[in-house]
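Dear colleague,

Please find the structure below, handed over for your records.

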Amino acid sequence: EVGGVEPWKEPASQWPYQRHVLAAEYGPAASPLELLGDLARIHQAYRDRVRRSKERDDERGKVITGYADAHPPAATDKVVVELEREHAELVSRIDKATRGVPSRSAKL
């Protein structure tokens, strides 16, 4: 169970397929904690890349008349702000779901 969700118990679940993909990628001995840690790191890298891309756009936009009037800075850009929110929520859910779980207590 992760965050109150048990994907393997859902009707018409894709869990068998998802489990197969995860086992192929990480090996059948991978722990859910390891996978959740990777999920958080991958999402963080994605969030950071999007923010840096927007910051580069802002920098290039300095030479374009009216760019700043039509484009919010990265710090207030709705996509960047939403990714920040999503990442904080993801990390919070992972922390809550894994609190007190031994690091190698389960396998795929």
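**Salt bridges and side-chain exposure**

Lys62 is exposed, its relative accessible area being 63%. Please note that the model is a predicted one. The partner of Lys62 in a salt bridge is Glu59, and the closest N and O atoms of this pair are 3.0 Å apart. Glu59 itself is partly exposed, at a relative accessible area of 48%.

Several of them are described in what follows.

**Lys54 and Asp58**

A salt bridge joins the side chains of Lys54 and Asp58, with an N to O distance of 2.8 Å. Both residues belong to helix H2, where they stand 4 residues apart, so about one helical turn separates them.

**Asp38 and Arg41**

Helix H2, which comprises residues 32-61, also contains Asp38. The side chain of Asp38 makes a polar contact of 2.3 Å with the side chain of Arg41. Asp38 has a relative accessibility of 17% and therefore counts as buried.

**Arg85 and Glu89**

In helix H4, which comprises residues 78-98, Arg85 and Glu89 lie 4 residues apart, about one turn of the helix. These two residues form a salt bridge in which the closest N and O atoms are 2.7 Å apart.

**A network of salt bridges**

Which residues are linked in a network of salt bridges? The network consists of Arg47, Asp48, Arg51, Glu55 and Glu84.

- Lys54 and Asp58: salt bridge, 2.8 Å, N to O.
- Glu59 and Lys62: salt bridge, closest N and O atoms 3.0 Å apart.
- Glu89 and Arg85: salt bridge, closest N and O atoms 2.7 Å apart.
- Asp38 and Arg41: polar contact between side chains, 2.3 Å.

With kind regards

Key: Residues numbered from 1 in each chain as written. Predicted model: local features only at pLDDT ≥ 70, side-chain atom pairs only at ≥ 80, totals over all residues. Heavy atoms only, no water. Helix = DSSP H or I, 4+ residues; strand = E, 2+ residues; numbered from the N terminus. Buried < 20%, exposed > 50% of the residue type's maximum accessible area, 1.4 Å probe, protein only. Polar contact = N/O pair within 3.5 Å; in protein donor to acceptor, adjacent residues only side chain to side chain. Salt bridge = Lys/Arg side-chain N within 4 Å of Asp/Glu carboxyl O.
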